[in-house]
Amino acid sequence: MWPTLVANKIFKKRLGSSNFIADFPSYKEPLLGIVDIDQNSKTILNDHKDTHKYKVFVSTWNVGGIAPDEDLNIDDLFETCNNSCDIYILGYCQNCFRFSSMFQEIVPLRASNVLGSENNEISMKWNSKIREALNKKTHQRGKDAKKQELKKNFPNKKENPAKCCEAPHDFQCIISKQMVGLFISVWIRRDLCPFIRHPSVSCVGCGIMGCLGNKGSVSVRFQLHETSFCFVCSHLASGGSEGDEKYRNSNVAEIFSRTSFPRGPLLDLPRTILDHDHVIFLGDLNYRISLPEEMTRLLVEKRDWDSLLENDQLIMELMTGNMLRGWNEGAIKFGPTYKYCPNSDIYYGCCYHGKKAEKRRAPAWCDRIVWYGEGLKQLQYTRIESKLSDHRPVKAMFMAEVMVLPELMKNLQSLFLSERYEQIKTPLEVSTTDDFVNRKRSSFRL
């Protein structure tokens, strides 16, 4: 079994493929007549661009191979009532499963999953949960209208303000991609979809034999108006022993060198990760704290985050390393996100005694979000207190500057809101239901 699967994975099929699932079709020609501008025209129009700002939500979560059940509520992850954003990136990963913003380890890491064909069943369940959370209030607009009518008729009737929430925009998925235990899902306001161009994915495996997908990255890119975005959802090499951080740095080097995107018909699109205007790297990066375990646990008990962060491997790499020097990370004001006992606020191993004490995993900030490039301002960086797995989810919010051609934007927005667009859009939509359907017509190759 193993030789056959390995040969099939390496020689017959490119890892992860470049297909992805979305709510609307992707074309080599831009959507709704948006035309690519040649380099000379770009130079002429460069002085006539406006800068718009969009809020971008990014989250990473190692969900530990756990599939979402019907009762799972992820509303707290998004806070759509308090901080509605324009773009949501959800990344999941797993030691068995993961949740761009962003999941790691969303499937059990058995040989058949690592070496065999992709199984999107669990990622489709997560997408349904994401859709439900982002569009929850949108689906209740009819009820909200009735409430407003009742309020007019009965102005003295008091309503609990905690139950009131302005209906957010309708969100659609523009890219959803899974590679073994890595999964990234990108959602955007429906009215911004006409301005999305050149969505693409690139998968890199850094796991078994240095090429399989139990470790590695799933990178997605797209262009919003005239600005390119790249989001890299990663699961790097594990290990808390001295020197293990070198393997993680090696994974980052592999991801940077092997990730490649189509250049487009005019060969003017970004090809590598760092060629893009805005780049965000997220996931279970697995960087640990370079202190003895006993000292680490003592400082965690004291909540002395500053002393711990002085010895954090990722921060040291950001400051003095070779692969991530020049990248940025927001101030960490929350406790280590790994490793917790199941359904508990207690770190794994803190109450353990015995001969296998060396297998205890010291707490660490494994789950991180870092960014690169100008025009990104971080507004929030925190963790979420979900006990679904042995990791705590981490989320960040950014304000992103986007270059816009004013007249083009106005003309397309008018078209988007017109009846003509409704006639164009309806036969092209891939999915009009709340659930993702894994059909051939819902995957696209650029």
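In which sense do β2 and strand β5 pair, and over how many bridges? I found that β2 and β5 (residues 182-189) pair in the antiparallel sense over six bridges. In that pairing, leucine 90 stands opposite serine 185 in β5.

Ground rules, before I go on. This is a predicted model, where local features need pLDDT of at least 70, side-chain atom pairs count only at pLDDT 80 or more, and totals for chains, interfaces and linings use all residues. Residues are numbered from 1 along each chain as its sequence is written, and side-chain values use heavy atoms, with hydrogens and water left out.

**Entry: the whole chain.** I counted twelve helices and twelve strands in the protein chain. Here helices (H or I, at least four residues) and strands (E, at least two) are DSSP runs, numbered from the N terminus. Of the 446 residues, 53% count as buried. Buried means under 20% relative accessible area and exposed means over 50%, with partly exposed in between (1.4 Å probe, protein chains only). The chain exposes about 21,500 Å², and carbon and sulfur atoms supply 50% of that. Those areas come from the Shrake-Rupley method with a 1.4 Å probe; for residues, only the protein chains shown count as cover.

**Entry: back to β2.** On another side of the pairing story, strand β1 (residues 50-62) runs parallel to β2, and seven bridges join them. I noted valine 58 opposite isoleucine 89 in β2. Two strands pair if DSSP finds at least two bridges between them. Then I checked burial: seven of the seven residues of β2 (residues 87-93) are buried, so the strand is largely enclosed by the rest of the structure. Ile87, Ile89, Gly91 and Cys93 point one way, while Tyr88, Leu90 and Tyr92 point the other way.

**Entry: cysteines.** Cysteine 93 is buried, at 0% relative accessible area. For cysteine 193, the closest cysteine sulfur is in cysteine 173, 9.6 Å away, again too far for a bond. Cysteine 193 also counts as buried, at 3% relative accessibility.

**Entry: helix α10.** Which residues of α10 (residues 313-320) are buried? I listed Gln313, Leu314, Glu317 and Leu318. What covers the buried residues includes α7 (245-258) and β10 (367-372).

**Entry: histidine 276.** I found histidine 276 in the loop between α7 and β9 (278-284), and it is buried at 5% relative accessible area. Leaving out residues up to four places away in sequence, histidine 276 touches Arg221, Ser228, Phe229, Cys230, Phe261 and Pro270; contact means heavy atoms within 4.5 Å.

Key: Disulfide = S-S within 2.5 Å.
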